[in-house]
Structure formats: structure tokens, C-alpha cells
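Trainee: Hi! Could we go through this one together, a piece at a time?
Mentor: Happy to. Let's open it up.

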Amino acid sequence: MTHKPPIRVAATSARLVAGAVIAVACVAGVTAAVAVEWPSVTNQAAQMQVRPAAGDTTVVCSGSFRAIGRDANNAQQMSSAGDLALTVDSNGPRDESELAVPDLTGEFAAPQRFIGSAEQGGTSLVAAAESVWLAAGDLSGLAASACREPQTESWLLGGTVETGTSDLIILSNPGDVTATAALTVFGSEQTTTTTLVPAGTQLAVPLASIAAGLQQPVVRVTATGAPLRAVLQSSLIRTLDPSGIDLQDTAGVPGTDLTFSGVQVVADNADSAVTVLRLLAADQPTTATITVRSGAKVVQTKTVPLEAAIPAEVNLDGLDVGMYSVSVEADSSLVGAVWQSTGVAAGSDFAWMTQAPEITGEVFVAVPAGPAPRLHLVNRGDEDVTATLAPTNGQAGSEITVAAGGSTLIDVTASTTYALAVNGGGLHAAVALADVNQLAGWPLWPAASERAAITVYP
């Protein structure tokens, strides 16, 4: 029998091979197609940048400096230790009124509320500041502060409950509804207490009542219902000698790059630390880089690790007498304040300086009564910045140039209000007062009426 060649098997094998080649080619084609960017269709929503019209500006002052414990029959009773001298001005109409103070006894100066009106699309600029000099058996020193807008979140850095201190958290509600204040204390442990602040009312909470046992607590004040103006009033007695008073403003919102203007060294601190930086990492552990400058010259640099939510202090020792700026940079958000002192002997004074936000545009600066007032302007940018400074009473002003990376110190007049206009770039600024055993200062904030542009989607 003669066998025929396997033609059918060969044909089938050829078809299989051809099919496999085609399949591989298809896969390769699809892979190549996936790798190539395909044309796409996107819909971009219509949008535009709009700057809201300026609204009214409300600032609140502290009123009388409080004394606690003067009544032997009621150690927690508070009374007025002295009325604060007030300097105020605005660029338009303003309303003035007083807040109720139910927890003070005797005669006192009620805290003032100023509301500046924005008219015809303009901005409302209001500036007010207050100061007091005390020389009593339980309180002595200079305290001064700017009157500020109420906030929904405030950070108070300069508190302590060590022996001889009497720190009070002053809460002012200039609004028309009751506010609830949540006071969160950061230290070796974290606690939160709440208190109600009625509308149109100021009250005080002793720091020792919420932060017992903590030597360097940081307090966050969170307001709901209505924003609150929060101030930390501090006083110190060493042995039996009064050794300083202070009014510390809120430290602003946490950030990764802080600038402190107006840091004064008025005494040789070779023997004792009279300049101290307190820091708090708000959310997570980080490392802070601290740079101290005199003008544009770097005079000190330190690197400090920080635990989350645990306050830490850094001695800025070895600084010569003079005016300094301090910058702090980190990878996560911080708040901070610098403690300055005329010394540690009886009758000395101290002041806390909080971080100074960047200023652009125009602000009003109120300088209250006090010794040797000066304005410290700091330029953290890479280009020179010019500004004009003029009294609001119509007197001639002057143009100021602050070199890139440098600072400028300007003498100003007590009990006077100025208009500071920054032309391009931004500056950090603070008002500083100092004399023998008298020390005070505070940072300038941008005008409350300068609102950032928002994105509107029609």
C-alpha cells in the first residue's frame, strides 16, 4: 500500500503558525497603542478671580490690667491694677463702644471695641494700641499691646504656672451671640476645657486652673459661635519682688517658616538666659532650624528636634545688646514666641514677641505711650523693598528702603498713629519699647480689610 504525504497536517500546522504570528502582532500593536498618548477631551469649568469688597473692621482692646489676689478674703477676686493709655485712629468713620466685664470689681476702664466702616468700595483701616506702667508692691513693669481683630483660632505661647506667676487668659467677645471657647493646653499631657463668653463681654481664665503643673504650656483657643479676641496677661514675682508684666497677643496660625521682628536684647546675657525661644510642633515631629540676624548678618544658628505637641525652649544666649530678627524653618507647622527680659534681678521687666506675618499694601500702626518707641522692619526676600511711613495727622512722611535679607530700625513718636505703605514685595515688622526695667513689643499684622482673592465658578 502506498501512503500519501500528510498534506492536511502540514496545512493545519501552517495555519497555526500564521495565527500565532498574527496574535503576537496584534498584542504588540495594542501595547504600542497604549503607550502612545491618545487624544482626550476635557471640560474646563469657567472660572474667574474675584476680590471680595472690603467689609467693616472690628478691633478689640484689653482694658484695665488685672490684679488677682489683692482681696485677702477672696484670693481669686480680680480688680483693676491700672488703666491702659489708648492711642487709636482710622481712615474713615468708626463706632466706639465698651464691653461688659462681670468678673472685675471696683472701678476699672472697660475694654474698648472699635468698628471701622468701609465706604464706597474702599478699605477700612483701624489701628489702636494700649500701654500701662505699673509700680506696685505686687505688679511692676511696662505692658503694651495692639488691639486686634477677634479670631476663631488663637495660640498663646508665653504662659507658665511656676511659683510667683499669675497668668490670665483674657477672652473678649465683641459679637452679638455667645461664643464657646475650647482651651486646649499642650504640655507633658494635653487637656481641653471649655468656657462660655457671652456677647459683648470680656472675662478672664486663670492659666493655673487649666494647666496646673506645667512649666511651659502652650494654649490653643478655638472659638465657635463667634470669634474671640484672646490675650495672655502675665506677671512675675521673684521671692517678694515684682519682676515684670506683659500682654501677649496670639501667635497667629501655625506655619513652616516663622519670622520674629523686634527682638530686643537690652542687657548682657552672658550670666543668665534673658532671650528664650519657645516652640511647639503643632502636628508632627520635626526639626527646626533657627537663625538669628542683626541686620543682614547671621549671628547665630541652631538646629533643634521637636516632638509633636510638646513645647520646647531654646536659649538664644550670647547675644550683644541690640535689635534682632529671628527666623525658624521646619518641615511641619510650628508656632512660637520669643521671651525677652531686662534681667533676672528684682524690679526687672520682660516681654514676649510673637511671630510677625508678612505685610503688603498699607496698614495703620498705632504707637501708644511708652519709652523710646521704634519700628523694626525686616525683609526676608531676595530684592530690596521700599515703604513709606507717615503720621496720620498730616505731617510729612519718609521713604524707607529695606535691603534684601536685611532690616531697618526707625524711631517713631509715642501716642501717634502712622500709615505704613509697602511698595512691592513684603516686610515683617514690629513695634518695640524699652527703657531701664521697661520692655514691651508686638508684631504688626496685615490690614484686616485686605482680603485675598477667591475663585468663582459661574
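Trainee: Where does Ala309 lie?
Mentor: Ala309 is in the loop between strand S22 (297-306) and strand S23 (312-315). Strands here are DSSP runs of E with at least two residues, numbered from the N terminus. This is a predicted model, in which local features need pLDDT of at least 70, side-chain atom pairs count only at pLDDT 80 or more, and totals for chains, interfaces and linings use all residues. Residues are numbered from 1 along each chain as its sequence is written, and side-chain values use heavy atoms, with hydrogens and water left out.

Trainee: What about the phi of Ala309?
Mentor: Phi is near 65 degrees there, a positive value in a residue other than glycine.

Trainee: And is Ala309 buried or exposed?
Mentor: Ala309 is buried, because its relative accessible area is 17%. Buried means under 20%, exposed over 50%, and partly exposed in between, with a 1.4 Å probe and protein chains only.

Trainee: What is the phi of Asn437, then?
Mentor: Asn437 has a positive phi of about 55 degrees, and this residue is not a glycine either. Asn437 sits in the loop between strand S31 (416-435) and strand S32 (438-443). With a relative accessible area of 29%, Asn437 is partly exposed.

Trainee: Changing topic: what order do the strands take in the sheet with S3, S4 and S7?
Mentor: The order is S3-S4-S7, in an open sheet of three strands with mixed pairing. Strand S3 (65-68) and strand S7 (104-105) are at the edges with a single partner strand each, so one side of each has no neighbour in the sheet. Two strands count as paired if DSSP finds at least two bridges between them.

Trainee: In which sense do S3 and S4 pair?
Mentor: Antiparallel, over four bridges, with S4 covering residues 78-82. Within that pairing, Arg66 stands opposite Ser80 in S4.

Trainee: Which side chains does Ser64 make polar contacts with?
Mentor: The Ser64 side chain makes one with the side chain of Ser80 at 3.3 Å, and another with the side chain of Asp83 at 2.9 Å. A polar contact is a pair of N or O atoms within 3.5 Å; within protein, one must be able to donate a hydrogen and the other to accept it, and residues adjacent in sequence count only if both atoms are side-chain atoms.

Trainee: Where is Ser64 found?
Mentor: Ser64 is in the loop between strand S2 (57-60) and S3, and it is buried, with a relative accessible area of 6%.

Trainee: How many disulfides does the structure hold?
Mentor: One. Cys61 and Cys147 form it, with their sulfur atoms 2.0 Å apart; the cut-off for a disulfide is a pair of cysteine sulfur atoms within 2.5 Å. The link is right-handed, with 105 degrees about the S-S bond.

Trainee: Which parts does the pair tie together?
Mentor: Cys61 lies in the loop between S2 and S3, and Cys147 in the loop between strand S10 (140-146) and strand S11 (153-156), so the pair ties together parts 86 residues apart in sequence. Cys61 is buried at 1% relative accessibility, and Cys147 is buried at 5%.

Trainee: Last one: is Gly106 buried or exposed?
Mentor: Gly106 is exposed, since its relative accessible area is 64%. Gly106 is in the loop between S7 and strand S8 (112-116). The C-alpha atoms of Gly106 and Ser79 are separated by 6.5 Å, although the two residues are 27 residues apart along the chain.
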